[in-house]
Amino acid sequence: MISLTIQIDYASPKWKKAFAKMDRKIEEAVAAAFLDAKKPKTFDNRNFDIAVVLSDDKMMKDLNHTFRAKNKATNVLSFPQLKIKGLKAKELDAFPKVDAIPLGDIVIAHQTVAKEC
């Protein structure tokens with residue numbers, strides 16, 4: 001059985017002010033996406049971790065500039081930790097069976113998402 005831990009980091013207080021009780025909804029959405037995604041057989045009986053960073057446009061602009069050479073904010077960036085395609089079981093063996101394997105980070109910008117809504 002596959003298990004998933006979802007870490008939520010409120011990097012911007014704008015999120016808590018706008019959406020007071022989002023944690024459960026975010027966790028449900030991320031878990032549903034993870035469960036629905038096609039996963040390699042090597043994922044069986046392992047624990048995984050995904051981080052969701054709720055940022056603001058300033059942080060997102062900095063990340064977008066640093067990692068994509070685009071000097072503007074965007075709504076969402078993702079930073080995968082593993083290349084899923086062609087992943088071999090021995091690559092996951094680098095992680096102790098009891099530890100969660102980090103899949104990556106998803107960063108969402110408050111102001112941009114609010115504008116898009």
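The structure is a predicted model, in which local features need pLDDT of at least 70 and side-chain atom pairs count only at pLDDT 80 or more, while totals for chains, interfaces and linings use all residues. Residues are numbered from 1 along each chain as its sequence is written, and side-chain values use heavy atoms, with hydrogens and water left out.

To begin with the overall fold, the protein contains 5 helices and 4 strands, where helices (H or I, at least four residues) and strands (E, at least two) are DSSP runs numbered from the N terminus. Read from the N terminus on, the order of the elements is β-α-α-β-α-β-α-β-α. The C-alpha trace spans about 40 × 35 × 20 Å along its principal axes. Of the 117 residues in the protein, 32% are buried; buried means under 20% relative accessible area, exposed over 50%, and partly exposed in between, for a 1.4 Å probe and protein chains only.

The interior comes next. In soluble globular proteins, nonpolar side chains tend to be buried together. Here the largest nonpolar core has 18 residues, and Phe43, Val52, Leu54 and Leu103 touch the most other members. Two or more residues of this core come from each of β1 (3–10), α2, β2 (47–55) and β4, with β2 giving the most, 4 residues. A nonpolar core is a set of buried Ala, Val, Leu, Ile, Met, Phe, Trp, Tyr and Cys residues joined through side-chain atoms within 4.5 Å. Val52 belongs to strand β2 and is buried, at 1% relative accessibility. From Val52 to Val76 the distance is 10 Å, C-alpha to C-alpha, across 24 residues in sequence.

A pair of aromatic rings is described by the distance of the centres and the angle of the planes. The structure holds 3 aromatic pairs. In one of them, Phe43 and Phe48 are stacked, at 4.2 Å centre to centre and with 25° between the planes. Both Phe43 and Phe48 are buried. The rings of Phe67 and Phe79 form an edge-to-face pair, because their centres are 5.0 Å apart and their planes stand at 70°. Phe67 lies in helix α3 (residues 57–68) and Phe79 in strand β3 (residues 76–80), so this pair ties together parts that are 12 residues apart in sequence. For these assignments, rings of Phe, Tyr and Trp (its six-membered ring) pair if their centres lie within 6.5 Å, and planes under 30 degrees apart count as stacked, over 60 as edge-to-face and the rest as tilted. Phe67 is exposed, at 54% relative accessible area, whereas Phe79 is buried, at 18%. Phe34, Phe43 and Phe48 make up one aromatic cluster.

Charges also meet rings in this model. The charged end of Lys39 sits over the ring of Phe34, at 4.9 Å from its centre, and that of Lys16 sits over the ring of Tyr10, at 4.4 Å. A charge sits over a ring if NZ of Lys or CZ of Arg is within 6 Å of the ring centre and within 35 degrees of the ring normal.

On a 1 Å grid over the protein atoms alone, a pocket is an open set of points where a 1.4 Å probe fits, with protein on both sides within 12 Å along at least five of seven lines, and lining residues have an atom within 4 Å of a point. The volume of the largest pocket is about 340 Å³, taken as the space filled by probe spheres set on the points, which are joined across faces, edges and corners. At least two lining residues come from each of α2 (23–36), β3 and β4 (101–109), and β4 supplies the largest share, 4 residues. The lining divides into 13 nonpolar, 2 polar and 3 charged residues; Ala, Val, Leu, Ile, Met, Phe, Trp, Tyr, Cys and Pro count as nonpolar, Asp, Glu, Lys and Arg as charged, and the others, Gly among them, as polar.

Finally, two loop residues deserve a look at the backbone. Asn45, in the loop between α2 and β2, has a positive phi near 60° without being a glycine, and Asn45 is exposed, at 55% relative accessible area. Ala69, in the loop between α3 and β3, likewise has a positive phi, of about 55°, and Ala69 is exposed, at 66%.
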